[in-house]
Amino acid sequence: MSWKWEYAFGAEVAARTAPRVFLTEVEAKADELVRAAEALHVHGRAHDGTDPKGGDVIVPGGMFTYQLVVRSERVYVVQITYLGF
């Protein structure tokens with residue numbers, strides 16, 4: 001599997017201070033997004049079109065925003081928001 005996910009921009013900094021239980025939920029959903037993207041974009045490195053629109057995912061405790069970059073075979077978590085609910 002070459003697809004992976006990672007934090008990008010300020011999300012990495014925010015992840016340092018977010019509660020572990022919240023980050024576990026974010027990481028589990030990011031793993032699901034990676035599996036879905038890999039299934040949909042089997043030949044990701046050969047992709048020559050535009051990248052699909054990212055989105056927001058609600059998880060217990062808050063939410064996160066992600067973006068797919070198909071040629072890089074990456075799901076980037078670009079923002080996390082911990083609300084504590």
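Me: Is M63 buried, partly exposed or exposed?
Reply: This is a predicted model, so treat what follows as computed from it. M63 sits in strand β3. Buried means under 20% relative accessible area and exposed means over 50%. M63 has a relative accessible area of 25%, so M63 is partly exposed.

Me: Which residues does M63 touch, leaving aside neighbours within four places in sequence?
Reply: Strand β3 is where M63 is found. Leaving aside those neighbours, the contacts of M63 are F22, D56, V57, I58, Q79, I80 and T81.

Me: And how far is M63 from V26, C-alpha to C-alpha?
Reply: Along the chain, M63 and V26 are 37 residues apart.

Me: Let's move to T65. Is T65 buried or exposed?
Reply: T65 belongs to strand β3, which covers residues 62-69. The cut-off for buried is under 20% relative accessible area. T65 has 18%, so T65 is buried.

Me: What is the length of the polar contact that the side chain of T65 makes with D56?
Reply: Not counting residues up to four places away in sequence, T65 touches G55, D56, Y76, V77, V78 and Q79. D56 is in that list, and the side chains of T65 and D56 are joined by a polar contact of 2.8 Å.

Me: What relative accessibility does V75 have?
Reply: V75 lies in strand β4, residues 74-82. Not counting residues up to four places away in sequence, V75 touches W3, K4, W5, E6, L33, V34, A37, Y66, Q67 and L68. V75 counts as buried, because its relative accessibility is 0%.

Me: How far apart are the C-alpha atoms of V75 and G49?
Reply: V75 and G49 are 26 residues apart along the chain. Their C-alpha atoms are separated by 16 Å.

Me: How many aromatic pairs are there, and which type do W5 and Y7 form?
Reply: The count comes to 2 aromatic pairs. For W5 and Y7, the rings are 5.1 Å apart centre to centre, with 90° between the planes. Planes over 60 degrees apart count as edge-to-face, so the type for W5 and Y7 is edge-to-face.

Me: Is Y7 buried or exposed?
Reply: Y7 is one partner of the aromatic pair with W5. Its relative accessibility is 18%. Since buried means under 20%, Y7 counts as buried.

Me: Zooming out, what pattern do the helices and strands follow along the sequence?
Reply: The chain has 2 helices and 4 strands. Read along the sequence, the pattern is β-α-α-β-β-β.

Me: Why call the chain as compact as a globular protein of that length?
Reply: For 85 residues, the globule rule gives 12 Å. The radius of gyration of the chain is close to that, so the chain is as compact as a globular protein of that length. The value for the chain is 13 Å.

Me: What share of the residues counts as buried?
Reply: The chain exposes about 5200 Å², with carbon and sulfur atoms supplying 56% of that area. Of the 85 residues, the share that counts as buried is 36%.

Me: Last one: which element has the highest mean pLDDT?
Reply: The chain averages a pLDDT of 89, and 91% of the residues score at least 70. Among the elements, helix α1 (residues 10-15) has the lowest mean, 88. The highest mean, 96, goes to strand β2 (residues 55-59).

Technical notes. Residues numbered from 1 in each chain as written. Predicted model: local features only at pLDDT ≥ 70, side-chain atom pairs only at ≥ 80, totals over all residues. Heavy atoms only, no water. pLDDT = per-residue confidence, 0-100. Phe/Tyr/Trp six-rings, centres within 6.5 Å; stacked < 30°, edge-to-face > 60°. Buried < 20%, exposed > 50% of the residue type's maximum accessible area, 1.4 Å probe, protein only. Rg over C-alpha atoms; globule rule 2.2 N^0.38 Å. Areas by Shrake-Rupley, 256 points an atom, 1.4 Å probe, with all protein chains shown as cover. Polar contact = N/O pair within 3.5 Å; in protein donor to acceptor, adjacent residues only side chain to side chain. Contact = heavy atoms within 4.5 Å.
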